[in-house]
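Please open the model in your viewer and keep the selection panel at hand. The tour below goes from stop to stop, saying at each one what to select and what is there.

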Amino acid sequence: MIPNVMTDDNQFDIDTLIARYFASEATEEEMAVLLKWMQESEDNRKHFFELHDVWHALSPSFAPEDIDTENAEERILVKSGLQKKSHKWLKSFVKIWSRLAAILLLPLLIFMVYKLAVAPKSENTLLEIATTYGCTMKSTLPDGSTVWLNANSVLKYPAKFVAGQRYVELSGEGYFNVKSDQKNPFIVHTSTMSVKATGTEFNVNSYRNSHTSSVTLVQGRVDVDIADNGKDYGMIPGEYLTLNDGKIDIKKCENLDKYCSWRNGILMFDGDTLEEICERLQQIYNIEFEIKDSRIASSSYRMILQGENINDILHLLELSAPIKCSMETVATPDSIAPLQRVVIDTL
């Protein structure tokens, strides 16, 4: 159920507001409220576009059945001198035989689709699950293990694990609750490391555009193999391993939720620098950050975020320190999805 939208002065029924917008009757205030509501969540945007499709299906600007596109195209080409007037009997003859050929080919097409649909999938077939910016996902793997994917992440795994190992590939961030199986180790491979477990819970953060990768062990034991040096690091519960530009650091975590609570929709920052916070937000949102003053990059923050959109987060940062956050749109080769950049500077 979509709730009403509240402002300081008014309460709006969102479906009524959307209908007024489609009918070109919305005021500037109503359009501003609608835009803000759409920016709040993916569900809101999805609801808007569902109503958009229904509205245009029920209220077309023309009667589709009245349009003869074929004759219209012919008239234009004939008048322009690009085509001679065709013979109607020949066109009718071709149309009849085209339909007859389609009828004869239909059983063959149905048979081919059926064969492809019921063909057994190879055990070596790689499946893929992925998340977009600002979204998370929970999924169950073929062995019964559970994985949570953070925003902007991709996980690849076989349709069926082969005997000897359970191998998955991760780009981004994932929290794994691995089903215990001593004979078939569970291996998470990233571009910088491999994490090997038999039955445990752990978090892996390894975004391709980040200088830092990390592993947080909640329960059990894991072995982390670093790709660059080939060294293997064993971890015990409560430890946090980071790989930063080739340097390894393992420390005891005082608060595991700081690194794992994202799967519950919570982001925790406890003594993190502004630079670290911006890198974390850049992983989750499709936004680039630029800190103008290097002196404020090392400023530390403590805050807990749950459900705030990016504009709310930037406002909280401004309330916590004498800084100004300005968002701008950056032109990219892909004009369909322009990049948003946040410039942070001192007041």
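Throughout this tour, a contact, or touch, means heavy atoms within 4.5 Å. This is a predicted model, in which local features need pLDDT of at least 70 and side-chain atom pairs count only at pLDDT 80 or more, while totals for chains, interfaces and linings use all residues. Residues are numbered from 1 along each chain as its sequence is written, and side-chain values use heavy atoms, with hydrogens and water left out.

Of its 347 residues, 33% are buried, buried being under 20% relative accessible area with a 1.4 Å probe, protein chains only. Among contacts between residues at least 6 apart in sequence, 43% join residues at least 24 apart.

Next, select residues 14-22, helix H1, whose buried residues are Ile 14, Leu 17, Ile 18 and Phe 22. Viewed down the axis of H1, these buried residues fall within an arc of 135°, so they line one face of the helix; the arc is that of the directions from the helix axis to the C-beta atoms. Ser 24, which follows H1, has a positive phi near 60°.

Move on to Asn 150, in the loop between strand S5 (146-149) and strand S6 (154-158). Is Asn 150 buried or exposed? Asn 150 is buried, with a relative accessible area of 3%. Its side chain makes a polar contact, at 2.8 Å, with the side chain of Glu 173; such a contact is a pair of N or O atoms within 3.5 Å, and within protein one must be able to donate a hydrogen and the other to accept it, with residues adjacent in sequence counting only if both atoms are side-chain atoms. Leaving aside residues up to four places away in sequence, Asn 150 touches several others, among them Thr 131, Tyr 207, Trp 262 and Arg 280.

Now select Phe 289, Ile 323 and Ile 344, which touch the most other members of the largest nonpolar core, a group of 31 residues. Such a core is a set of buried Ala, Val, Leu, Ile, Met, Phe, Trp, Tyr and Cys residues joined through side-chain atoms within 4.5 Å. Its largest share, five residues, comes from H7.

Finally, a second, separate core of 26 residues includes Val 178, Met 193, Phe 202 and Val 215.

Note on methods: Buried means under 20% relative accessible area, exposed over 50%, partly exposed in between (1.4 Å probe, protein chains only). Helices (H or I, at least four residues) and strands (E, at least two) are DSSP runs, numbered from the N terminus.
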